[in-house]
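Hi,

Here is the structure I said I would hand over.

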Amino acid sequence: MSSAAEPIDVVVVDDHGIFRSGLKADLDSRIRVLAEAATVESAIAAIREARPAVVLLDVHLPGGSGGGGAEVIAGCADLLGSTRFLALSVSDAAEDVVTVIRAGARGYVTKTISGAEISDAVVRVAGGDAVFSPRLAGFVLDAFGAATTVSVEDELDRLSVREREVMRLIARGYSYKEVARELFISVKTVETHVSAVLRKLQLSSRHELTRWAAARRLL
């Protein structure tokens with residue numbers, strides 16, 4: 001199909017203008033930069049307006065409440081079903097990697113990689129892959145290892161089959177009406193299932209549910 005050749009829409013978030021300019025110049029023709037931002041607040045606004053396929057996101061950003069890249073992802077949690085975040089940072093600290101991945105990022109690469117490698121990473125993340133610089137993958141495996149897998153299964157076991165279906169659709173950003181139409185049930189029934197899911201998972205909102213599902217690769 002011709003759509004396969006269409007460029008991947010990206011928003012670049014970094015507080016250094018020179019780096020943003022250099023990055024845009026290095027990205028190849030498969031990537032189309034729709035917007036850029038330098039702070040937590042401007043990043044959230046730009047992402048919400050542009051609705052890109054991928055956000056190239058620096059981990060440490062000014063603004064907001066000091067949460068940096070993770071705060072940007074949290075502010076766009078309802079978009080995680082259609083917009084994927086790829087962290088791009090000078091930091092290779094385990095804490096930074098784990099924090100942004102827990103927030104919902106699909107990958108983490110350091111700024112030492114080439115423009116071609118970043119372009120490839122964007123394409124892979126847009127396609128649903130998780131991408132990490134080699135040394136950083138170990139941090140993620142340590143943080144999301146076998147114990148986490150067992151924990152996810154235990155959490156999912158609390159939900160009925162229908163509740164799991166509703167949970168995944170809500171976490172992907174579907175409205176209650178869209179879920180009802182997709183599953184051939186009433187909106188009232190969807191509301192009941194969502195309430196049960198939030199209660200069983202000890203979550204307080206659909207935004208928290210999206211973050212929960214994204215961190216467990218359930219979207």
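S119 sits in helix α5 (helices are DSSP runs of H or I with at least four residues, strands are runs of E with at least two, and both are numbered from the N terminus). Setting aside neighbours within four places in sequence, S119 is in contact with D26, L27, D28, R30 and I31, where contact means heavy atoms within 4.5 Å.

Before going on, some housekeeping. This is a predicted model, where local features need pLDDT of at least 70 and side-chain atom pairs count only at pLDDT 80 or more, while totals for chains, interfaces and linings use all residues. Residues are numbered from 1 along each chain as its sequence is written, and side-chain values use heavy atoms, with hydrogens and water left out.

Now the sheet. Six strands make up an open sheet with parallel pairing, in the order β2-β1-β3-β4-β5-β6 (two strands pair if DSSP finds at least two bridges between them). At the edges are β2 (31–37) and β6 (131–132), each pairing on one side only. Strands β4 (residues 84–89) and β5 (residues 107–110) are joined by four bridges, and A87 stands opposite Y108 in β5.

Helix α5 (residues 115–126) lies across β1, β2, β3, β4 and β6, at about 155° to β4. Helix α4 (residues 94–103) lies across β4, β5 and β6, at about 145° to β5. Axes here are lines fitted to C-alpha atoms, for helices over the stretch in contact, with angles from 0 to 180 degrees between N-to-C directions.

What about the inside? The largest nonpolar core has 28 residues, of which V13, I47, L57, V72, I73 and F85 touch the most other members (such a core is a set of buried Ala, Val, Leu, Ile, Met, Phe, Trp, Tyr and Cys residues joined through side-chain atoms within 4.5 Å). Helix α2 gives the largest share of this core, five residues. Leaving out neighbours within four places in sequence, F85 has contacts that include I47, V55, L57 and V72. Another core, of 21 residues, lies apart from that one, with L159, M167, L169 and L201 among its members.

Finally, the axes of α9 (residues 176–183) and α10 (residues 187–201) come within 8 Å and cross at roughly 105°.

Cheers

Key: Buried < 20%, exposed > 50% of the residue type's maximum accessible area, 1.4 Å probe, protein only.
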